[in-house]
Amino acid sequence: MPIRLEPRAAASRWVRYLAPVASALAAMIAGTLLFFFIGHDPAEAFYVFFVQPVSDLYGLGELFLKTAPILLCATGLAIGFRSNVWNIGAEGQLILGAICGGSLALAFDSVQGWWLLPAMFLAGGIGGMAWATVAAVLRVRFNANEILVTLMLTYIAGLFLSYLVYGPLRSPTGFNWPESTAFHGAARLPRLLDGTRMNAGILLALGVAVAAWVFVRFSYLSYQMEVGGKAVNAARYAGFGRNRMIWLGLLISGFCAGLAGVVEVAGTIGKLREVVSPGYGFAAIIVAYIGRLNPLAIILSSVLMALFFIGGEQAKVSLGVPSAITGIFQGTLLFFLLMSDLLVSYRLTWVGFASNSAEGGGAVDG
Amino acid sequence: MAEADFFIFIAVATLTAATPLLLAALGELVSERSGVLNLGVEGMMLVGASTGFAVAAGSQSLALAVLAAIAAGAVLSLLFGFLTLTCMANQVATGLALTIFGTGVSAYIGSGYTGSALEVAGPAGIAYLSEIPVLGPLMFSLEPLTYFAFLMLAGVWWFLQRSRAGLTLRAVGDAPEAAHANGLNVLRVRYLAVMFGGAMAGAGGAFLSVFYTPVWVENMTAGRGWIAIALVVFAAWKPTRVLFGALLFGGVTIVQFQVQGINLGIPTQFLSMLPYAATIVVLVVISSDRIKIGLSTPASLGVPFRR
């Protein structure tokens, strides 16, 4: 190749954070081009996907409504990813959180009280954490790959929720729909703004993100987790047990995903039903990456991802394409980031075709 | 005779259910033996499934449908290869992105066909041979892709264990630096291995949507791509053991359907959990022997290679 890669001594901080922004723009452009190639007016497609959904107050409310669960999941995952713990099953932990929080709301159907909502969040967080515990035990005790285990647990969680809403938790007055009874007022997150569906979930998510940032930035424990993930031997030498890091990474991310589940059922949905998330837990993996595993940057990438979800729904209504194509945007976004990371950590040097053979020998040191 | 018939029915159903897993897992196995962990199998299978379905619906040619699915899987894996091999991106993150991307692409390709069914006749069977009692239905009246999967199994085994090219591939997976120093083109070998993985995942997807359940439903692979990845671990990266794993999971799937049929009062959702729970159990059993799993894992699995 006429191009040679030279590792940069230190990647510039600005470039590191500029790359996700550039990737986001590139993904938007690529997505618009995609719509053009499949026969839509690109200007209209761009407007429908990225502008129209947030052009009024209601739309902005929807944006922050969807930001909340994504942000919660992504914040937790980022802490795990920093320590090289690959929790891919936030979606399943979210579902368990929804089940635990939602069941509590249904169990206290006739009781009103300010304590119910906090109790639901606690139950949901513990539910998500319990689901992640399975993966942690199997990883630490039996060395089972956490990527595959958390994913399998996600499928199991979805089926369990389906069982509950078709069976024991099905509303007796719901005309046989696979749904629970609607939660009463004390089990619902309060709305923040009239004329929108935005609820207090976004405040919780922002609070968790800021707390996570403080944890990551200032705590010794977080430093230990990072070392434990990036340099296993150095961590062992320093006495930071790898197993403890795996436990913490999975429990924290499970807890956050569980909270996201409660935000969905206590906020947006207001009851348990077969599907409580359109893939927020999976999208959160991408969000964590785009935010460079920094909780404050993840706030921004969560808003972007929420826009992708709303855009997908809008495109379904206006352009007649399935809303699942938002997955194309999500995947493209991460592809661009991963590609641009090459430029962040390496300098490309043009060495020309002629000198290829001579220079080729020099570049073999890698 | 009724019992024998039932046994044959179960055996044929198990072989059929095992086919997509066998195809996808063999592809992933070759990719991983070259040192590349592609977690995008689920996405590639889905794109294969939707492409195969669309082509079958449009052309009425099942062969064309399978070829198109294979091509689609290979193209997606090329994208993965570009990112992880040329751009040296993290393989885990790229694979996840590929699965999410592929899920979206498949939803778009299949959007015109949601819920519609293909008119597919069952396997015709091989003339005369399929009429032999017991052996006939068991060996000569399976789906064409099931035979193809077994052919690939033998081929992959021969390639890895007996051929010079297979030795090259294993060398690249276990010691890329040494292979490079010996003049082997590490990236080219890995590109080819990754593309083989994509093609096989595409074929597995097409089997699902064109032969197994000839309808298109979003996310119809339902985690089979991930189970295929787990099968490679279960098989300790050995092709022959992939067969046992695939048959085991095919069997679990069929048992689950049978039990649903006789209605023991177990909610269907719990039965549907069986393959996923079995995957976890199998992973735990096989992974707990850390030394053995460590020795079987291709040494450079997941590590980017920089020239």
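Tutor: Let us begin with α10(B), in which B:Arg224, B:Gly225, B:Trp226, B:Ile227, B:Ala228, B:Ile229, B:Ala230, B:Leu231, B:Val232, B:Val233 and B:Phe234 are buried. Please keep in mind that the model is predicted. The helix runs over residues 224-234 of chain B and is mostly covered, since 11 of its 11 residues are buried. A residue counts as buried if 20 or more other C-beta atoms lie within 10 Å of its own. Just after α10(B) comes B:Ala236, whose phi is positive, at about 50°.

For a contrast in covering, consider strand β2 of chain A, residues 346-350. This strand is hardly covered: of its five residues, the number that are buried is zero. Its partner is strand β1 of chain A, residues 3-7, and the two pair in the antiparallel sense over five bridges. Within this pairing, A:Trp350 of β2(A) has A:Ile3 standing opposite.

Finally, let us turn to the contact between the chains. Chain A contributes 42 residues to the contact, and chain B contributes 42 residues. On the side of chain A that touches chain B, two or more residues come from each of α5 (116-142), α6 (146-166), α11 (280-290) and α13 (326-345) of chain A. The largest share of that side, 12 residues, is supplied by α13(A). Sorted by class, the side of chain A that touches chain B holds 31 nonpolar residues, 10 polar residues and one charged residue.

Technical notes:
Residues numbered from 1 in each chain as written. Chains lettered and ligands numbered in written order. Predicted model: local features only at pLDDT ≥ 70, side-chain atom pairs only at ≥ 80, totals over all residues. Buried ≥ 20, exposed ≤ 12 C-beta atoms within 10 Å, placed from the backbone. Helix = DSSP H or I, 4+ residues; strand = E, 2+ residues; numbered from the N terminus. Contact = placed C-beta atoms within 7 Å. Nonpolar A, V, L, I, M, F, W, Y, C, P; charged D, E, K, R; others polar. Pairing = 2+ DSSP bridges.
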